[in-house]
Amino acid sequence: MSKIPSFTARRALFAAAASLAIALAGVSSARAADEADGYPKQPIRLVVPFVGGGVTDSAARIVAEKLSQRLGKQVIVENRPGAGGNIGTAEVARSAPDGYTLLLAYDGTLVINPNVYEKVPFDTLKDFVSVGKIGDALLVVLVNPKLPVNNFDDLMALAKETSGGLFYGTAGNGSTPHLAGTMLALRTGIPLHAVPYKGGSAAVVDVASGVLPMTIASVASAMPFVEGKQVRAIAATSAERAPSLPDVPTLKEQGVRDYVFNSWVGLAAPAGTPQAIVNRLNAELQAVLKDPAVSERLMGLGVVATPSEPQAFYEEMKRDLQKNKEIAQAANLKLD
């Protein structure tokens, strides 16, 4: 029968275990530092899970160009479209967590798709680590200028007077504008019915031509039509007014309580990417976004640069996942 170790012996064992833990922690820290030392040593892939030419792709290329200069290695943008962004996003989730594969993180893919698709091939919070936010791609509510609608109260009155409610164009089922409109109907009780298009610009064209009375679209899609007086912008969905449309009040300013809906873009990496590499990428990304030339180019896309720390971006993703879950459930919104 073995003897129970004495108090002195147990204390010695605990001390030895503690020393070993400290030593292992030191080795782990040193290993993490070694992994970031000299990073990057080769080109970096930045996967955009959409076709080229859109806001997400253009924002990625603006940032990649400047990151390449700061990191001393090329950041190569690769388009991997399909399944509403799910294919390219899943590819990054399965990639080696070594800092050489990054994702152009987009709210539609990471915090909307998991709530509207029956199944997505990734877990936003478990499969990725946030690197940092690039900016908010602001949305506006647009109407045909021939309608007697100059503000949100007018729109509510028209919707209630119109048999069956109003139809509004979206960039597709499950898109950010679709969720924004669904949330607006839920918050206000006005009857709004989504009409999906293959892209937001097509919906704006049909509002301008009178095929549809209204749409919710990105500022980038809206600006040429607003400036040409082909559509009328009556509200911004964001917390603050869009800098490029300073005379257009937010929905919140117009009395729609608890309503803020932003689209955003940022950078993410596969889970397990060393924190030292994440910190390096975040520091360089923030430096890029503070360059006035970069923020001006992003503004041309309707994206307001909003540099953030990795944890802050992660918390925003987490909040938006929950918000969109509630919207999708309330509207019984599901895609195949």
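Which strand is the place of Thr 170? Select strand β6, residues 166-170, and you'll find Thr 170 there; strands here are DSSP runs of E, at least two residues, numbered from the N terminus. A quick note before going on: this is a predicted model, where local features need pLDDT of at least 70, side-chain atom pairs count only at pLDDT 80 or more, and totals for chains, interfaces and linings use all residues. Residues are numbered from 1 along each chain as its sequence is written, and side-chain values use heavy atoms, with hydrogens and water left out.

Stay on Thr 170. It counts as buried because its relative accessibility is 1% (buried means under 20% relative accessible area, with a 1.4 Å probe and protein chains only). Beyond its neighbours within four places in sequence, Thr 170 has contacts (heavy atoms within 4.5 Å) that include Ser 175, His 178, Tyr 197 and Thr 215.

Next, select β4, residues 128-137: ten of its ten residues are buried. Look for Val 129 opposite Ala 269.

Last stop: Leu 110 and Leu 155, the residues with the most contacts inside the largest nonpolar core, which has 48 residues. Such a core is a set of buried Ala, Val, Leu, Ile, Met, Phe, Trp, Tyr and Cys residues joined through side-chain atoms within 4.5 Å. A second, separate core of 35 residues includes Val 75 and Leu 289.

Technical notes:
Buried < 20%, exposed > 50% of the residue type's maximum accessible area, 1.4 Å probe, protein only. Helix = DSSP H or I, 4+ residues; strand = E, 2+ residues; numbered from the N terminus. Pairing = 2+ DSSP bridges.
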